[in-house]
Amino acid sequence: MSHLLMEGIPGMAATHLSGLESAQGSAADAMLSDDPKLREECGVVAIHGHPDAARQTYLGLYALQHRGQESAGIATANGTNLSNIKGMGLVADIFTEEVLAKLQGDMAIGHTRYSTTGDSALLNAQPIRVDSTKGLIAIAHNGNLVNLGNVRAKLEREGAFFQTTSDSEIIVQLIAHSKEGTLVDAIADSLRQVDGAFSIVMMTRDRVFAARDPRGFRPLSMGRITNPDGPDTIVFASETCAFDLLRAKFERDVQPGELVMVTRDGVTSRQYSTGTPQSSCIFEHVYFARPDSKIFNRWVQESREEMGRQLVRESHVDADLVVPVPDSGVTAAIGYAAESGIPFRFGLIRNHYVDRTFIEPEQRVRDFGVKLKLNPVRNLLEGKRIILIDDSIIRGKTSRRIVRMVRSEGAKEVHLRISCPPTISPCFYGVDTPSKRELIAANNSIEEIRRFIEADSLAYLSLEGLQKACDGGEGNHFCVACYTGEYPTEWVDVEDILPATATR
Ligand code: SF4
């Protein structure tokens, strides 16, 4: 039970059990590759009206582990008390039976995180629990605020004292400093003052709240577990795949600019902001979200398969096999194979346990390369013309290693197809991206990238093709700033906004 921060546990003083360590997963990832995938930062869950709310939240977070592996936390409330436990590492490692037993109550919020703003210390793990002028509040959020500097400076002038460098605390401080008379009005007031991407779950001793920013950057869905003997359990989660594990039925998305409140009397909602055009993150469909989730009213699996089909229409090349770069290239490759009629084969096998393997620092990437994560299947690749399907090229080094690896197994030709447009600009809305200087597509033509990665041909999906594939007729409007450099928010204090940086 080391490396835990415990607050509000009955019979225990607040404990901070040592260790401001980076998560094992992050450190290992950094060791294994100097060109990892872009990373999502957070997943959130909230439960109202379940006798074992902590365990339900744990299961929800377990399903959302792909959205962040650095830290996790669960706060519970039982009408009178609000407890919070968070730690560094994976959800299942932190929340043992012994730890879950300390979290009592029929309401809970939870968070799993890969750090964006704020450093990776345990203090910045979420939920954050604050004893404010409006009472005890716990908050967890997914996304990144972009007017942090301005708001923080204003709050500090008004006497606010910050315990963390996390965005979430800014929202709590705004609530505490709001002149509004009721808590729900103060929350709405505070959300109107921040700009950027946020899907939030919040809890007091007796209420649960959920809200999305006015542009709806990040997903947040609401579900319900029907209880024949009493009030239904209301569930919120970043992705609908969390509902499946909880046996909750998807009800609807929390709308952009909407604040939902759940009390023992039921669910109420208000639009705290209207009139801002939607700009939901299209990269959720390309890479982040699980294919078994429904995001922005569209199944991710359908989007990805359509991306593969669209790639055929735009840049088909004759070949013998379609091979995905697992795992994220799999669904698009299935679409490509179906549309082109070329057989689909798992020519690269991913080792799912490598991130958790202890590796001596001196035995780094240069010794093992990408082979630690991916191993080629020689009998499938030898003598074949291969179409490799992947979802992005960031710096280009990993793509080059994979192309070399496939060729070294005897492939006659290697054609790389990417299921989104070239990534040319960093994200400021909660996704870990390198700076523009490091993004290969920001500084090179497609032909230059092809030569660098040593492929026989290279093609990306067009922006129009991607938007069509991800919308599926739903009428969504997406943020595509990492492909265009045109950002949907106004920059208020651009000097203060840094893209999140990973330890690598
Ligand atoms: S910049 Fe890219 S990754 Fe960031 S929110 Fe927009 S689409 Fe998503």
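Helix axes here are lines fitted to C-alpha atoms over the stretch in contact, and the angle between two axes runs from 0 to 180 degrees between N-to-C directions. The legends below describe a predicted model.

**Figure 1. Overview of the chain.** The predicted chain contains 18 helices and 27 strands. Of its 504 residues, 54% are buried. Contacts between residues at least 6 apart in sequence join residues at least 24 apart in 74% of cases.

**Figure 2. Packing of helix α6 on helix α7.** Helix α6 spans residues 167-177 and helix α7 spans residues 183-193. Their axes lie 8 Å apart and meet at an angle of about 130 degrees. The crossing of the two helices is right-handed. On the α6 side the contact is made by I171, L174 and I175, and on the α7 side by A186, I187, S190 and Q193. Sorted by class, this contact between α6 and α7 has 5 nonpolar and 2 polar residues, with no charged residues.

**Figure 3. Surroundings of helix α6.** Helix α6 is mostly covered, with 9 of its 11 residues buried. The buried positions are D167, S168, E169, I170, I171, V172, Q173, L174 and I175. Packing partners of these buried residues are the strands β8 (128-132), β9 (135-142) and β10 (199-203), together with the helices α5 (148-157) and α7.

**Figure 4. Helix α11 and the residue that follows.** Helix α11 covers residues 330-340 and is mostly covered, 8 of its 11 residues being buried. Buried in α11 are T331, A332, A333, I334, G335, Y336, A337 and S340. These buried residues pack against helix α10 (300-315) and against the strands β20 (321-324), β23 (385-390) and β24 (413-418). After α11 comes G341, with a positive phi near 80 degrees.

**Figure 5. Two cis peptide bonds.** The bond from Q126 to P127 is cis, and its omega is near 5 degrees. P127 belongs to the loop between β7 (107-113) and β8. A further cis peptide bond runs from P326 to D327, with omega near -5 degrees. D327 is placed in the loop between β20 and α11.

**Figure 6. Shell around the ligand.** Residues surrounding the ligand are F217, C281, I282, F283, C427, Y429, V431, C479, V480, A481 and C482. By class, this shell has 11 nonpolar residues, no polar residues and no charged residues.

Figure 7. N297 is a residue other than glycine, and its phi is positive, near 70 degrees. The loop that holds N297 runs between β18 (294-295) and β19 (298-299). N297 counts as partly exposed because it has 16 C-beta neighbours inside 10 Å. E454, also a residue other than glycine, has a positive phi near 65 degrees. E454 sits in the loop between α16 (446-453) and β26 (457-460). The C-beta atoms within 10 Å of E454 number 15, so E454 is partly exposed.

**Figure 8. D244 in helix α8.** D244 is part of helix α8, residues 241-246. Along the sequence D244 is 21 residues from G223, and the C-alpha to C-alpha separation of the pair is 10.0 Å.

**Figure 9. D265 between β15 and β16.** D265 lies in the loop between β15 (258-263) and β16 (266-271). D265 has 8 other C-beta atoms within 10 Å and is therefore exposed. The C-alpha atom of D265 is 9.1 Å from that of P231, a residue 34 positions apart from D265 along the chain.

Key
Residues are numbered from 1 along each chain as its sequence is written. This is a predicted model: local features need pLDDT of at least 70, side-chain atom pairs count only at pLDDT 80 or more; totals for chains, interfaces and linings use all residues. Helices (H or I, at least four residues) and strands (E, at least two) are DSSP runs, numbered from the N terminus. A crossing is left-handed if the near helix is turned anticlockwise from the far one by less than a right angle, and right-handed if clockwise. Two residues are in contact if their C-beta atoms, placed from the backbone, lie within 7 Å. Ala, Val, Leu, Ile, Met, Phe, Trp, Tyr, Cys and Pro count as nonpolar, Asp, Glu, Lys and Arg as charged, and the others, Gly among them, as polar. A residue is near a molecule or strand if its C-beta atom, placed from the backbone, lies within 6 Å of it. A residue is buried if 20 or more other C-beta atoms lie within 10 Å of its own, exposed if 12 or fewer, and partly exposed in between; C-beta atoms are placed from the backbone.
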